[in-house]
Amino acid sequence: MDDRKVLISLDDGSSDDDDAIVPQKDTVQSSKPIQDFGSNLTEEPTPTSLSTEAPGISGNHQEIDTDQPPLLGHNALPIVTNIPINGNAGHSNRDIENSEPIFHLRSRTAAASTPNYESLDYEVCENTLFQEEQRQRLTERFSLRKDVIRWIIFIQIGIITALIACTIDIIIEELSELKYAFLYRSVQQNVPLSDSSSGDLVIPYLYWLLFSILPVAFGAAMVTYIEPITAGSGIPQVKSYLNGVKIPRIVRIKTLAVKAIGVITSVVGGLAGGKEGPMIHAGAVVAAGISQGKSTTFVKDFRIFKAFRDDHEKRDFVLGGGAAGVSAAFGAPIGGMLFSLEEAASFWNQNLIWRTLVASIISVFTLNIVLSAYHGLNDFTFTGLFNLGKFDTPLKFDYFELPIFMILGVTGGLLGAAWNSLNTKINKFRKRFIPWKIGKVLEAVVVAMMGVTLACLMIYFINDCRPLGNDPTNNPVQLFCEDNEYNAVAALWFQTPEATVRSLFHDPPGSHKILTLALFTVVYYVLSCATFGLNVSLGVFIPTALVGAAWGRLFAMLAFYLFPEAEFLHPGKYALIGAAANLGGVLRMTISLSVILMETTGIESSFFFPLIIALISAKWVGDYFNEGIYDTQIQVNHVPMLTWEPLPQYKGLAAREILSSPVVCIKLRDRAHYIYHVLKKCDHNGFPVVDDVHGDRRSEGRVCGIILRSQLIVILLKSLYVENKHFWLPETSIQTFRDVYPRYPSIKDVRELDEKINYTVDLSMFMNPSPVRVNPHDSVPRIFQIFRALGLRHLLVINNENRIAGIITRRDFIYK
């Protein structure tokens, strides 16, 4: 293996403990402020690294004292100190001589500049308590009842997600209408005539700045100071969660509240972004909250849906919530389902697809009823937040246009790759040079001011007047134009970005000058690139579609100028193709994007072919240079995502070359005092359970299962010892562990076992007796497929004698 490659020290997960003092098997240690995707958190992580003396420690390590001599190198052996973790946990020093090595240094050093992440337990722990519950369900016909409840939850997810989307949309629409109506009156009062010398644009400009700065500053302050995880669209975070990475605070009620307010203030403030992306995050939070039947934020347990309190069940509901959010945003139930499967989901099956589709349909139906009633419609035609309108005439194409569509796709791929690269560099610059919270808020204000200033400069210097009657905005301003004319440049800016996309799709030919669209494309391209990554809640879909629609329509205008007899050059058609190509170049999605665009515009199925040609061309060209913006954000923030295929570096390797050893093991019947000190002195989350142990050499015992850290803490906290078994055994069930989900207690919540130092814990009924195991000689690509397909957190490597050879976690598949 190439030693120049650095293995990121990522764990399959850690508990909520914040007293860890050793690098965890599957976490990333950070010496810098934690960066959460698009946001730049200034919170210092809990000090978990040993010290600068041992920056390269990885594997399933043990506790060492920080005052010991510095390590001499990768092969240096530590001095055994105080408490032998894999040896006897008593107080006698005689046990130290027989104890196992404290830790093992790997040849691939761990990255020390990345944040800590945990893995989720998607593997079902089929222990004795779980099996008893399954047998009871067979006799009580509980399986059918659970399936019915699951359907009810998915329907509730669709309804509540749609109601939240309606609330956000109505507030944005009302506030935006008030804002632009006031600006319209201000312009009419201060610049009433066509002669610019008699008018003054400064006062409307100041008003515009004020109405942009105030909401943007408020929203950025909420995101920065209250819940930084809400910055950006939230799609990278949800995608990481569904892949098995625990992102802190991602599905909390407070996150949803800040996200909703942040989206409203950002869109009303006029930033180059949209409300569609954050709706996916909102749907995920709704799904996670409803499915658990309790709120840890308000410390309220409704005592319902207890059977769904585990990561495996919660994952499926979060996927349904994300699909419902997409469907509500675009009014596209099929597109929402495909978006979740194509972009977000890492694990899915046929039943999950069906439930997700139902949640999406319910979400669109609910939103349609509410918004149609709000707008006074009787035919329920208001399908989604992202309403692009229907084309008056069916869009048709000739076969000689297909190469043109392909060229537009290539252009979109190049522009998208350049946008992703520029945005990544800007965000890296932010993280390095703007680490202060007040600086993040001021940066958002500066970008908002920059957008208003550029818009006013375009309006002032470009003379693009069009006759009234075909005006695309509700508030057409005369602004330096003659009577019965409106300013086409102002029409592009005096409305929300979504309304501008709709205008570019449906404005009649001749509605804009070539210079207007050319400058607007360049300005909004740069503006959207500078906006995405601010500490505000905004999506990237709308500005990307807007830029693509602008240069797509511009292409049709230029071509018509050169070939005035070409009747096929419909500007709205090429605006749609340009939007699709630009979206494909930035997001790198194909099927779901084409379906979403078809559902939001109502175009015929025959036009699906040009759309897919443009999208595929954009994706292929963009993939040659870099990855999509969501994957790029995930990589920049060092999130341990598992791709669909293993990295090329793993070809030809075997399990013995990537495993970590020695492993901290626990005997099938072990002392409570030993377990307590293991949990105190290391922060691993999975411990093989062994028997047939000679002395205290636990790692040489025969493997009979695996026990999780959260289970051990609950066992100690509730005193589930062999000595008092007759007290707790009748009342203990799998629900005992589900009741504390998802915020498991910390080992600090367990009091010292002074009076129970000799108590014993029997793990036979708590451990998972059938963990997934592989042989040291198995190939890494095959192990990767097993690990990813089953959603594992720990994978035991067992030799031919059924003794533990090592352990593999998520971080062992991640290279830096």
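I looked up the second largest pocket of this predicted model; it holds about 1100 Å³. A pocket here is an open set of points on a 1 Å grid over the protein atoms alone, where a 1.4 Å probe fits, with protein on both sides within 12 Å along at least five of seven lines. The volume is the space filled by probe spheres set on the points, which are joined across faces, edges and corners.

I then listed the lining (residues with an atom within 4 Å of a point). It has 41 residues, and Glu-627, Asp-631, Gln-635, Met-641 and Thr-643 are the closest to the pocket centre. Helix H19 (629-636) is one of the helices that supply at least two residues each, and H19 gives the most, with four. Helices are DSSP runs of H or I, at least four residues, numbered from the N terminus.

Next I took the aromatic pairs (ring centres within 6.5 Å, Trp by its six-membered ring) and found 30 in the whole structure. Trp-419 lies in helix H10 and Phe-532 in the loop between H14 and H15, so the pair ties together parts 113 residues apart in sequence.

I also checked Arg-788, which lies over the face of Trp-644 at 4.0 Å from the ring centre. The criterion is CZ of Arg, or NZ of Lys, within 6 Å of the centre and within 35 degrees of the ring normal.

Residues are numbered from 1 along each chain as its sequence is written. Local features need pLDDT of at least 70, side-chain atom pairs count only at pLDDT 80 or more, totals for chains, interfaces and linings use all residues, and side-chain values use heavy atoms, without hydrogens and water.

Conventions
Phe/Tyr/Trp six-rings, centres within 6.5 Å; stacked < 30°, edge-to-face > 60°.
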